[in-house]
Amino acid sequence: MAEPATATQAAAPVVALLKDELDIVIPTIRNLDFLEMWRPFFQPYHLIIVQDGDPSKTIKVPEGFDYELYNRNDINRILGPKASCISFKDSACRCFGYMVSKKKYIFTIDDDCFVAKDPSGKAINALEQHIKNLLSPSTPFFFNTLYDPFREGANFVRGYPFSLREGVPTAASHGLWLNIPDYDAPTQLVKPLERNTRYVDVVLTIPKGTLFPMCGMNLAFNRELIGPAMYFGLMGDGQPIGRYDDMWAGWCTKVICDHLGLGVKTGLPYIFHSKASNPFVNLRKEYKGIYWQEEIIPFFQQAVLPKDCTTVQKCYIELAKQVKEKLSKVDPYFDNLADAMVTWIEAWDELNPTGPVPNGKAA
């Protein structure tokens, strides 16, 4: 059975890559005791904590961490009427942290994710692996059967086109989980005791034209390349759906990355997911999404962005337009979601006035 690393195992000296270029975003409703385990890996970095739920509650953060904390009152104060695009009573609120960050890279993690161990028993520095994934190119246009050719000990195999070996910039790195898998409620209910103990030492680029179910609990991305697309939608309080926040962001992000010629990697690093959420509560949140996704996914598979969509913001506004045109017939929720997508971009540009990101390059 998989077990998390102990604090002693995680305490080896760490070289903090991109220390001044990366923020760690954590959504939470509780005290952040879990940071003690991550201290050797996270303490050199700046944390952005997005407090969900009751803003009058005090969230305790262990001493020694450099952080800023935002609650709902702060979100309302900073965004004004545009705060309506940020979800309440749902971990989707984490995307507010992406918006207020001023760093090039973001790593986001849930507060029930602990340090995992590799098969040798060594504590896994998830953040370091995400950074390695982001700093090396992706290969979305042609699949390499030895997976990521830029990892140590790997390369392009015979028959791989030399014209494509330079790769493209990596916009996102999607990590995985040992112990509690990221299952939907029906799967949780039929496999309540299932645990993931398989450590697969692989990183691969998700091919162009292929969607994937993005999980937000162990995720890193280049904020300058794809940040405005990482909107986690309208979920939670007052909404008919939950637990599809990261899925929505992943589908939007992948369509835009494919259009702009950017890459998305999945695989390593692993974290130890410590706690299974209640499947009956999850089913209440998910049931409409489980039904709707049979129309949502074909929508994204068929989505085409015009050539004049040369920035992430333009792409996202175009996607919002298509959501309103094609998904509103599924449920009026999507009409509201499309409006919120536009509001999100307006709020992003107000807080980040340096200009849009054309083709993955700063203006």
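Predicted model: local features only at pLDDT ≥ 70, side-chain atom pairs only at ≥ 80, totals over all residues.
Let's start inside the protein. The largest nonpolar core is made up of 70 residues. Within this core, the residues with the most contacts are Y231, W248, I256, Y316, F334, M341 and W344. Helix 10, covering residues 333-351, gives the core its largest share, with 10 residues. Apart from this core there is another one, of 33 residues, with L35, F42, A220 and I271 among them.

Leaving aside residues up to four places away in sequence, Y231 touches C85, C95, D245, W248, A249, Y316, L337, A340, M341 and W344.

Next comes helix 7, which runs over residues 245-260.

| Feature of helix 7 | Value |
|---|---|
| Length | 16 residues |
| Span, first C-alpha to last | 23 Å |
| Buried residues | 15 of 16 residues |

After helix 7 comes G261, with a positive phi near 75°.

Finally, look at R158. An unreviewed UniProt entry lists R158 under "glycosylation site". Where does R158 lie? R158 sits in the loop between helix 4 (126-135) and strand 6 (170-179). Is R158 buried or exposed? R158 counts as exposed because its relative accessible area is 84%, and exposed means over 50%.

Key:
Residues numbered from 1 in each chain as written. Heavy atoms only, no water. Core = buried A, V, L, I, M, F, W, Y, C linked by side-chain atoms within 4.5 Å. Buried < 20%, exposed > 50% of the residue type's maximum accessible area, 1.4 Å probe, protein only. Helix = DSSP H or I, 4+ residues; strand = E, 2+ residues; numbered from the N terminus. Contact = heavy atoms within 4.5 Å. UniProt positions renumbered as here; feature names shortened; annotations may be inferred. Expected span 1.5 Å × (residues − 1).
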